[in-house]
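Subject: Structure for you to look through

Dear colleague,

Please find the structure below, followed by notes on what was found in it. I would be glad if you read the notes with the structure open beside them.

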Amino acid sequence: MKHCSMITALLMALALVGVPTAHSEEAALPQMDVYKSPSCGCCGKWVTHLEQSGFGVSVENTQRLDRIKADLGIAPALQSCHTAVASNDAGPNYVFEGHIPAKVIARFLREQPAGAIGLSVPGMPLGSPGMEVNDRFDPYDVLLIQADGSSRVYTHIATPEQQY
């Protein structure tokens with residue numbers, strides 16, 4: 001029994017000094033500032049998807065989306081209906097354009113690919129988070145947006161199950 005007490009004490013001490021645990025990694029997800037049109041319902045569903053995945057989210061309804069996207073370096077070919085910015089005190093801020101699965105965003109934030117400013121799902125693929133329509137699903141690519149304006153496939157979503 002003495003052995004169990006020592007392990008418990010050690011675990012408590014580690015928690016006090018901030019050693020990461022699975023739960024604290026969840027808490028480490030950054031705040032997402034989402035810019036969207038006031039009338040867009042699918043954007044609201046995507047925000048709910050982020051919140052249910054552990055992200056803190058603030059929403060700004062705006063008619064200035066084109067200007068915001070341009071200021072953030074999102075080329076017209078990479079644009080979708082909403083834009084999110086991850087606030088990160090410990091590192092760079094990243095942009096997330098469109099209906100990107102929260103788990104893909106979390107992976108990107110862990111990896112922080114060199115030269116990247118964020119991710120994009122151009123357009124509005126049916127079946128992507130926030131774009132659910134019955135059982136319809138169109139496979140889609142999540143693109144890595146590079147600081148030089150180029151992009152490449154970061155991951156391919158072939159089935160609905162890969163999103164969650």
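Before the packing is described, one term needs its cut-off: contact means heavy atoms within 4.5 Å. Helices (H or I, at least four residues) and strands (E, at least two) are DSSP runs, numbered from the N terminus. This is a predicted model, in which local features need pLDDT of at least 70 and side-chain atom pairs count only at pLDDT 80 or more, while totals for chains, interfaces and linings use all residues. Residues are numbered from 1 along each chain as its sequence is written, and side-chain values use heavy atoms, with hydrogens and water left out.

The sheet and the helices on it

Which residues of α5 are buried? They are Ala102, Val104, Ile105, Ala106, Phe108 and Leu109, where buried means under 20% relative accessible area, exposed over 50%, and partly exposed in between (1.4 Å probe, protein chains only). These buried residues pack against β1 (31-36), α3 (41-52), β4 (94-98), β5, β6 and β7 (151-157).

A nonpolar core is a set of buried Ala, Val, Leu, Ile, Met, Phe, Trp, Tyr and Cys residues joined through side-chain atoms within 4.5 Å. The largest has 26 residues, of which Met32, Phe96, Ile105, Phe108 and Leu119 touch the most other members. At least two residues of this core come from each of β1, α3, β3, β4, α5, β5, β6 and β7, and α5 gives the most, with 5 residues. Leaving aside its neighbours within four places in sequence, Phe108 is in contact with residues including Tyr94, Phe96, Leu119, Leu144 and Tyr154. A second, separate core of 9 residues includes Leu65, Leu78, Val85 and Val95.

Ser120 in β5

Strand β5 runs antiparallel to β6, and 4 bridges join them. Ser120 lies in β5 and stands opposite Leu143 in β6. Ser120 counts as buried because its relative accessibility is 0%. A polar atom of the Ser120 side chain lies 2.5 Å from the backbone oxygen of Leu78; a polar contact is a pair of N or O atoms within 3.5 Å, and within protein one must be able to donate a hydrogen and the other to accept it, while residues adjacent in sequence count only if both atoms are side-chain atoms.

Two positive phi angles

Just after α5, Gln112 takes a positive phi of about 40°, in the loop between α5 (102-111) and β5 (116-121). Gln112 counts as partly exposed, at 36% relative accessibility. Asn134, also not a glycine, has a positive phi of about 50° and sits in the loop between β5 and β6 (140-146). Asn134 is exposed, with a relative accessible area of 75%.

With best wishes

Technical notes
Two strands pair if DSSP finds at least two bridges between them.
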